[in-house]
Amino acid sequence: MKILDNPFFVLGLPAEASRIEIEREAQKLLGMLELGFAEAASYATPLGPKLRTAEMVRAAVAALRDPYQRLVAELWARHAPPPRPEPPQRPAPLPSRDGLRRALGWRP
Amino acid sequence: MYVLPYVVLQWLRQAAINARRRDRTARYLLWSVLAGIAGGVMLVLVAAFVALLWSVSLWWLGLAMIAVLVVPVIGSALVRWVLVPAGAHRLAYRVAMFSRPGPDPAAFALCAAAWASRSGTAVAWVEARRDARRPLGDAEIAATALLAAGRGDAQTARELLRSLAMIVEDHAAVRELAGEWLACDAAERGAWPELAEHAAAARWPATPLTFLLEGIAARHTGDPAAPSSRELWARWLVAPRRRATRPLVVEAAAVTGAPAGHAPADPAAPAAADPTPLPCAVAAHLAFDAEPVTAASLASAVTAWDTALGDDATRAWLARRANELDAPPGAAARAIQDVAGAVTDDLARIAEAARLGAPPGARGPVGGNLARRLRHGRLDALEAAFSRWADRRHDRTPHPSIDEWREFVALWTAYGAAVAAGGLELRRLAFPNAFTKGSHMAAWLWNKREEYALSHAISKWLLDEALAVGDTEAIELGHRNCALAVPTRLGHVSP
């Protein structure tokens with residue numbers, strides 16, 4: 001299971017959410033997605049926001065109906081760092097020396 | 001009056017260049033200056049001689065003397081500064097031939113022509129010259145590498161030039177060019193440790209430009225034997241392309257003490273017991289998306305997962321939640337297995353992409369599976385590649401010798417990468433197949449193709465590998481094969 005596709009993140013719910021809360025949130029998100037609400041179009045993950053689709057919401061709620069799949073999803077979601085509003089900053093690349101070989105008389 | 005001083009100066013200049021090729025200390029600069037002064041005096045002598053001939057109306061003889069006496073002094077500079085930038089491959093070949101680069105001038109000339117080649121016609125011309133020279137030696141491989149570099153294929157050029165270290169035929173002028181290309185390439189990539197390692201091993205005779213870049217690399221890597229700022233600037237003065245190298249020297253001169261960057265953590269060091277192992281494992285896993293993957297970070301993630309999945313608190317939490325969720329019997333154990341499998345899949349993908357091996361000594365549900373998965377995948381790929389290589393002996397159409405070498409270099413590179421990632425365990429498993437196939441190919445290249453230098457290089461590599469894994473039978477055969485004198489254009493080389 002990829003952590004970015006974790007059902008709890010897709011639904012935007014904590015790992016302690018009850019069955020009723022899950023069903024209610026899924027219906028709400030499906031309705032918002034159908035109407036094209038911008039706030040429903042993405043969800044927060046520990047690696048930054050990710051695009052949300054109606055298929056993902058249906059798959060998430062189906063996964064959480066199964067006790068075993070919910071157990072595995074909880075294992076990841078309960079112990080993951082908190083979701084981030086932005087993707088993590090990558091370290092700055094080393095200063096580029098492109099073209100140095102050519103400047104020193106060699107190709108390419 | 002002119003001939004004897006000229007001959008003495010010519011000898012002095014060549015002796016200084018030869019001494020410089022063997023030296024990487026401060027004396028290198030002295031030899032360079034001496035060679036430069038000797039060359040300058042030779043040019044003055046030739047000018048005086050030509051003026052004398054001109055004054056007695058022997059101007060035609062004066063012109064001939066210029067060609068005979070000046071070209072050997074300025075030939076290399078003429079190739080580098082005029083003929084290569086102009087793409088005059090034929091003229092570069094001729095001038096390089098007359099620049100007295102050693103006992104086999106055509107070797108250096110071939111490389112000069114390859115360096116100057118711009119068009120398809122020029123490449124075909126150089127390839128025809130190369131293929132006419134048999135058996136294959138270091139010059140033919142270097143020329144092929146320079147042609148690849150001209151096409152923009154730096155990776156092939158890099159691998160072929162690195163492979164020259166295995167060839168016993170040794171043209172100093174060719175090795176200088178190879179070493180300079182590799183040094184410039186490493187400088188462009190910022191691969192200072194790689195360049196410092198080449199310098200420490202004195203793998204190639206250094207040109208003034210190589211010597212300068214090696215000094216810069218030593219400063220960047222914090223080598224205790226790195227040149228002082230003053231010596232670095234002295235190297236810069238002696239080297240060509242000063243405008244392009246000045247920023248590099250300024251940057252290196254500002255470096256003091258140990259190299260920048262974090263000291264890698266010891267992957268073998270046991271991780272401190274963490275009160276919350278599962279969040280640590282998930283965080284270590286997610287960190288791969290934000291930071292470059294290193295052997296230390298991979299080892300840290302593997303240790304964290306093995307600790308977390310073997311932790312009693314994790315298992316107790318899973319059992320309790322499984323009960324609360326009314327999950328089927330055995331769900332907790334199955335969840336541990338599934339998570340371990342998913343994590344192993346992910347880490348194997350990450351390790352393959354970064355060409356890393358499994359952390360040494362990893363035995364947990366993640367570490368053990370990761371080691372097995374990486375080892376088997378790499379072994380299968382290597383065995384298939386060696387088998388394809390050995391099957392070339394049975395092809396009805398013989399391949400050009402350079403293609404045989406390129407095939408071996410590709411395998412040698414893949415084997416080196418797999419062994420570097422998989423460690424001694426994988427090396428021991430991979431060697432028997434490589435030895436069987438490689439020995440057959442070496443014998444075939446020697447006996448049927450008369451490619452002595454290539455055959456010897458393969459035998460020497462197999463011997464080094466046999467010594468590394470401690471295979472006594474292979475060591476014995478390797479010593480016998482490598483003791484054979486290798487016929488080259490520079491005479492028989494007795495390793």
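Okay, let's start with a pair of helices: in chain B, α1 and α2 cross in a left-handed way, meaning that the near helix is turned anticlockwise from the far one by less than a right angle. Before I go on, a word on the source: this is a predicted model, where local features need pLDDT of at least 70 and side-chain atom pairs count only at pLDDT 80 or more, while totals for chains, interfaces and linings use all residues. Residues are numbered from 1 along each chain as its sequence is written, chains are lettered from A and ligands numbered from 1, in the order in which they are written.

Back to that pair. Helix α1(B) is residues 3-22 and α2(B) is residues 27-55; helices here are DSSP runs of H or I with at least four residues, strands are runs of E with at least two, and both are numbered from the N terminus. The two axes come within 8 Å and cross at roughly 155°. Axes are lines fitted to C-alpha atoms, for helices over the stretch in contact, and angles go from 0 to 180 degrees between N-to-C directions.

Who touches whom? On the α1(B) side, the residues include Tyr6(B), Leu9(B), Arg13(B) and Ile17(B), and on the α2(B) side they include Trp31(B), Leu34(B), Ala38(B) and Met42(B). Contact means C-beta atoms, placed from the backbone, within 7 Å. By class, the contact of α1(B) with α2(B) has 15 nonpolar, three polar and two charged residues. Nonpolar is Ala, Val, Leu, Ile, Met, Phe, Trp, Tyr, Cys and Pro; charged is Asp, Glu, Lys and Arg; the others, Gly among them, are polar.

The contact of α12(B) with α13(B) splits into six nonpolar, two polar and one charged residues.

Now chain A. It has five helices and two strands, in the order α-α-β-β-α-α-α along the sequence. Of its 108 residues, 27% are buried. Buried means 20 or more other C-beta atoms within 10 Å of a residue's own, exposed means 12 or fewer, and partly exposed is in between, with C-beta atoms placed from the backbone. If you take contacts in chain A between residues at least 6 apart in sequence, 67% of them join residues at least 24 apart.

How do the chains meet? The contact takes 35 residues from chain B and 28 from chain A. On the chain B side, the elements giving two or more residues are α7, α9, α14, α16 and α17. That side has 23 nonpolar, three polar and nine charged residues.

Next, α20(B), residues 452-469. Its 18 residues should span 26 Å at 1.5 Å a residue, and its end C-alpha atoms are 26 Å apart, so that agrees; the expected span is 1.5 Å times one less than the number of residues. Since 13 of those 18 residues are buried, α20(B) is largely enclosed by the rest of the structure.

Most residues other than glycine have a negative phi, and most peptide bonds are trans. Ala202(B) has a positive phi near 45°, and with 14 C-beta neighbours inside 10 Å it counts as partly exposed. Asp326(B), not a glycine either, has a positive phi of about 65°; it's in the loop between α16 and α17 of chain B, and its 8 C-beta neighbours inside 10 Å make it exposed. And a cis peptide bond, omega about 0°, joins Arg134(B) and Pro135(B), with Pro135(B) in the loop between α6 and α7 of chain B.

Technical notes
Contact = placed C-beta atoms within 7 Å.
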